[in-house]
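Keep the structure open beside you as you read.

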Amino acid sequence: MSKNTGASKFRKVNVDQFDEDLYEDEEDDQEVDVGPNEGEQKEALAAALKNPPIGRKNQALKDKSTNLVVRVLQSFKSNEIESCVKTLDAKSIDILMKYIYKGFEFPTENSSASLLGWHDKVFAKAGQGCIIRVLTDKKHL
């Protein structure tokens, strides 16, 4: 037999507020920027390329860094990639190419298409030498 605990706390919830017919979308008169802007993306990429975990033994740190860079690369629109690549120096280009190839090793949803776009633009700027340096370097991400 069940006990009557006298709890009436559940009765204080207004169930009418969850009625679909009464739902109103909150509208703001202001235009809201969704996602990072181009300047923030370039800064995030430059910061990630500045101090990569190359040559370190902590694989978890390397994986975390790679995932972060791949997410940053995916946040760029395809028409913004070339302008970003043009601002990078030769060392940063080589590190970026390492991240691109590392990203190909562990693809996520839509990451391969984004990484291919980056690979194309980096290759156009740095040429085959960049790819050869990345593939022959003994210090991996």
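In which kind of crossing, left-handed or right-handed, does H1 pass H2? The crossing is left-handed, a term used if the near helix is turned anticlockwise from the far one by less than a right angle, with clockwise giving right-handed. Before going further, please note that this is a predicted model, in which local features need pLDDT of at least 70 and side-chain atom pairs count only at pLDDT 80 or more, while totals for chains, interfaces and linings use all residues. Residues are numbered from 1 along each chain as its sequence is written, and side-chain values use heavy atoms, leaving out hydrogens and water.

Helices here are DSSP runs (H or I, at least four residues), numbered from the N terminus. The axes of H1 (residues 38-50) and H2 (residues 59-75) come within 10 Å and cross at roughly 155 degrees; axes are lines fitted to C-alpha atoms over the stretch in contact, and angles run from 0 to 180 degrees between N-to-C directions. That makes H1 roughly antiparallel to H2, the word for angles over 145 degrees. On the H1 side, Gln41, Ala44, Leu45 and Ala48 meet Val69, Val72, Leu73 and Ser75 of H2, where contact means heavy atoms within 4.5 Å.

Now move along to H4 (90-105) and H5 (111-126). They pack at an angle of about 150 degrees, with axes 10 Å apart, and are therefore roughly antiparallel to each other. H4 passes H5 in a left-handed crossing. Among the residues making this contact are Leu96, Ile100 and Phe104 of H4 and Leu115, Trp118 and Phe123 of H5.

The loop between H4 and H5 holds Asn110, which has a positive phi of about 65 degrees although it is not a glycine. Asn110 is exposed, with a relative accessible area of 58%; exposed means over 50%, buried under 20%, and partly exposed in between (1.4 Å probe, protein chains only). Ser111, found in H5, counts as buried at 1% relative accessibility. Leaving aside neighbours within four places in sequence, Ser111 is in contact with Val70 and Gln74.

Finish at H6 (residues 128-136), whose buried residues are Cys130, Ile131 and Val134. They cover an arc of only 95 degrees around the axis, which puts them on the same side of H6; the arc is that of the directions from the helix axis to the C-beta atoms. These buried residues pack against H4 and H5, whereas Gln128, Ile132 and Thr136 are exposed on the other side of H6.

Notes. Helix = DSSP H or I, 4+ residues; strand = E, 2+ residues; numbered from the N terminus. Parallel < 35°, antiparallel > 145°, perpendicular 65-115°, else oblique.
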